[in-house]
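Please take a moment to look over the sequence and the structure shown below.

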Amino acid sequence: MSTAVVIGIGRSGAACARVLADEGYTVRVVDGQDSDAQRHMAELLPRGVDVQLGGYTDDVIDGSDMVCPSPGVRWDAPLLQRARALDIPVRSEIDLFLERCPAPVTAITGTNGKTTTTSLTAAVIAASGMRVHRGGNIGETVLDRLATMAPTDRVVLELSSFQIESLTSAALDAACVLNVTPDHLDRHGTLEKYAAIKARIIDEATGVAVLNHDDPVTLAMAARASAPVRFFGRNLEGHDGASVVGDSIVAVDGGRMETFLAVGDVPMYGRHNIDNVLAAVCLARAAGVSLEHIANGVRSFSAVDHRLQPVRDEDGVLWINDSKATNIDAALKALDAFGSRPIVWIGGGSSKGVPPDTLATAVAQRARAAIICGATGPELDAALAAVGYEARHLVPDVAAAVRLARDLANPGDVVLLAPGYASFDQFSNFEERGRTFAALVNGTTEPVREEV
């Protein structure tokens with residue numbers, strides 16, 4: 001009987017364990033942590049799956065026929081290098097899913113905008129009456145939903161660089177790279193390596209490749225595509241895809257331009273979200289969705305939680321939760337999303353190895369006041385001081401930041417949580433940070449910290 005070792009008992013690892021056990025594998029799941037969350041996940045696994053919590057040694061994989069790491073395990077981790085040296089296949093949840101999926105798959109990646117574009121693409125395709133399954137890095141596993149999928153359905157996946165680097169092969173009906181800016185350099189090392197990982201889904205596209213014409217890194221990926229390429233951006237230079245002309249969103253097919261949606265009808269803040277709409281238009285068109293259904297799907301779409309999400313609008317002050325701004329480029333886009341409206345910015349968190357200088361310059365130009373907290377607080381404070389910005393306030397945590405923001409905010413202001421950094425210095429994830437912020441703003445009970 002074949003054996004498989006699953007590394008990590010989160011949602012992805014649990015899905016791998018369930019599917020492989022159903023296929024007849026003898027499955028062992030190991031995890032370095034031993035908490036209530038891990039034990040709860042273990043209780044949900046099929047009978048017969050062996051679970052080892054609280055640590056393991058590298059020889060745990062010896063003699064197995066497959067190793068399935070969670071996305072959080074570095075692809076060059078010693079344990080996985082050992083597996084390769086022993087000729088044991090290393091497969092991810094996404095790998096296993098793509099091998100078994102009966103439906104066409106649309107894959108979306110990029111430094112920023114992945115979740116919004118994935119959710120929006122799924123919504124506009126569903127608006128046409130097609131059955132859609134959304135998942136991937138968005139937090140909804142798809143591997144253990146295979147039994148619900150039919151060839152006439154459509155799967156829309158958000159893929160992170162961590163997931164893409166694990167792919168051995170993939171037949172993608174459509175693939176999209178939204179943008180590439182510095183992020184996860186603590187894991188990937190260089191921007192060039194990070195971009196090369198993102199570009200791998202373009203290599204695997206069989207139906208259409210969708211690329212951002214305004215981003216030089218993604219534009220260059222067109223040369224490696226074997227599938228037809230559609231672009232989105234402000235100037236397509238004669239290419240097919242989706243763009244903005246005046247106050248309208250237009251689709252370009254065969255060189256013919258068709259206006260079908262007003263920019264003002266997009267129910268999300270920020271220029272970058274218009275770009276996300278353009279990408280979704282290209283992907284939905286590739287799936288055969290009419291412009292009428294796309295327009296209806298966009299108009300009825302709601303902002304995704306923790307992504308420029310309004311959480312309170314009272315006494316002339318708009319409070320915005322953009323906790324998913326976990327890198328500097330995302331924070332820059334958030335700062336640019338509200339026109340000339342004054343901003344009280346809340347930022348800081350745990351570093352991904354990117355210097356704060358660019359963010360400090362943007363905050364100094366755009367924010368009326370800056371409230372800084374988290375592990376990167378001191379370096380952000382120093383970077384703001386270096387550009388002569390005096391309206392800065394260093395506080396210990398998000399609760400103190402919200403209290404101070406209440407004192408500083410004037411009618412007409414936006415209080416913007418767009419940290420520019422990961423959340424792991426004080427929170428389990430960006431969702432917990434965003435929920436905590438919203439609860440503090442609205443005066444409700446602060447969420448209990450989750451175990452991970």
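Two strands are said to pair if DSSP finds at least two bridges between them, and the helices (H or I, at least four residues) and strands (E, at least two) are themselves DSSP runs, numbered from the N terminus. This is a predicted model, in which local features need pLDDT of at least 70 and side-chain atom pairs count only at pLDDT 80 or more, while totals for chains, interfaces and linings use all residues. Residues are numbered from 1 along each chain as its sequence is written, and side-chain values use heavy atoms, with hydrogens and water left out.

With these terms in hand, one can begin with strand β10 (residues 229–232), which runs parallel to strand β9 (residues 205–212) and is joined to it by four bridges. Within this pairing, R230 of β10 stands opposite V210. Strand β10 is also joined by two bridges to strand β11 (residues 241–245), and these two strands run parallel as well; here F232 has A242 in β11 as its bridge partner.

The next topic is the packing of nonpolar side chains. In soluble globular proteins, such side chains tend to be buried together. A nonpolar core is here a set of buried Ala, Val, Leu, Ile, Met, Phe, Trp, Tyr and Cys residues joined through side-chain atoms within 4.5 Å, where buried means under 20% relative accessible area, exposed means over 50%, and partly exposed lies in between (1.4 Å probe, protein chains only). Which residues of the largest nonpolar core touch the most other members? They are F97 and L98, in a core of 53 residues. If residues up to four places away in sequence are not counted, L98 touches V105, L157, L167, A170 and L172, a contact being heavy atoms within 4.5 Å.

A pair of aromatic rings is described by the distance of the centres and the angle of the planes. Rings of Phe, Tyr and Trp (its six-membered ring) pair if their centres lie within 6.5 Å, and planes under 30 degrees apart count as stacked, over 60 as edge-to-face and the rest as tilted. A search of the whole structure finds two aromatic pairs. In one of them, the ring centres of Y269 and F338 are 5.0 Å apart and the planes stand at 45°, so this pair is tilted. Because Y269 lies in the loop between β13 (256–262) and α10 (271–286), and F338 in the loop between α12 (328–335) and β16 (343–347), the pair ties together parts that are 69 residues apart in sequence. Y269 is partly exposed, with a relative accessible area of 32%, whereas F338 is buried at 9%. The rings of W319 and F437 also form a tilted pair, because their centres are 6.4 Å apart and their planes are at 50°. This pair links distant parts of the chain, with W319 in strand β15 (residues 317–321) and F437 in helix α16 (residues 430–442), 118 residues apart, and both W319 and F437 are buried.

Some individual residues in loops complete the tour. N112, in the loop between β5 (105–109) and α5 (114–126), is buried, with a relative accessible area of 9%. Its side chain is joined to that of N327 by a polar contact of 2.9 Å, a term for a pair of N or O atoms within 3.5 Å; within protein, one must be able to donate a hydrogen and the other to accept it, and residues adjacent in sequence count only if both atoms are side-chain atoms. R91 lies in the loop between α3 and α4 and counts as buried at 13% relative accessibility, and the side chain of R91 makes a polar contact of 3.4 Å with the side chain of D95.

The backbone deserves a look too. Most residues other than glycine have a negative phi, and most peptide bonds are trans. D87, although not a glycine, has a positive phi of about 60°; D87 is placed in the loop between α3 (78–85) and α4 (93–100) and counts as exposed at 68% relative accessibility. L308, also not a glycine, has a positive phi of about 45°, but L308 counts as buried at 3% relative accessibility.
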